[in-house]
Amino acid sequence: MLGHLIQAEEGTQLITIYRVDSGGMPTLYTSVSFEEARNMGFEKFGRLLGENLILDSPGLRDLFSS
């Protein structure tokens with residue numbers, strides 16, 4: 001896996017996260033509405049987003065599990 005792509009889509013009011021493979025192809029990972037993110041607050045949403053990206057990234061998981 002190459003990484004992740006995060007899009008904030010004004011039209012749909014969604015924050016969408018995709019996994020991007022080594023060929024550059026994105027696959028839907030998860031999405032959250034602007035309202036849900038706002039209700040969580042900046043700190044909680046940021047922490048949740050960061051934790052999910054780390055858990056979904058084998059290289060980062062290994063970094064923190066050693």
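How many residues lie between β2 and β3 in their hairpin, and which residue in the turn has a positive phi? Five residues lie between them, and G24 has the positive phi, about 85°.

This is a predicted model: local features need pLDDT of at least 70, side-chain atom pairs count only at pLDDT 80 or more, and totals for chains, interfaces and linings use all residues. Numbering starts from 1 along each chain as its sequence is written, and side-chain values use heavy atoms, leaving out hydrogens and water.

Select β2, residues 14–20. Strands here are DSSP runs of E, at least two residues; helices are runs of H or I, at least four; both are numbered from the N terminus. Five of the seven β2 residues are buried, so the strand is largely enclosed by the rest of the structure. Buried means under 20% relative accessible area, exposed over 50%, partly exposed in between (1.4 Å probe, protein chains only).

Pick Y18: its bridge partner in β3 is L28.

Now select β1, residues 3–9. Seven bridges join β1 to β2, and the two run antiparallel. Find A8, which stands opposite I15 in β2. Four residues separate β1 and β2 in their hairpin. In that turn, Q13 has a positive phi of about 60°.

Finish at helix α3, residues 58–65. F64 lies in this helix. F64 is exposed, with a relative accessible area of 59%.

Key
Two strands pair if DSSP finds at least two bridges between them.
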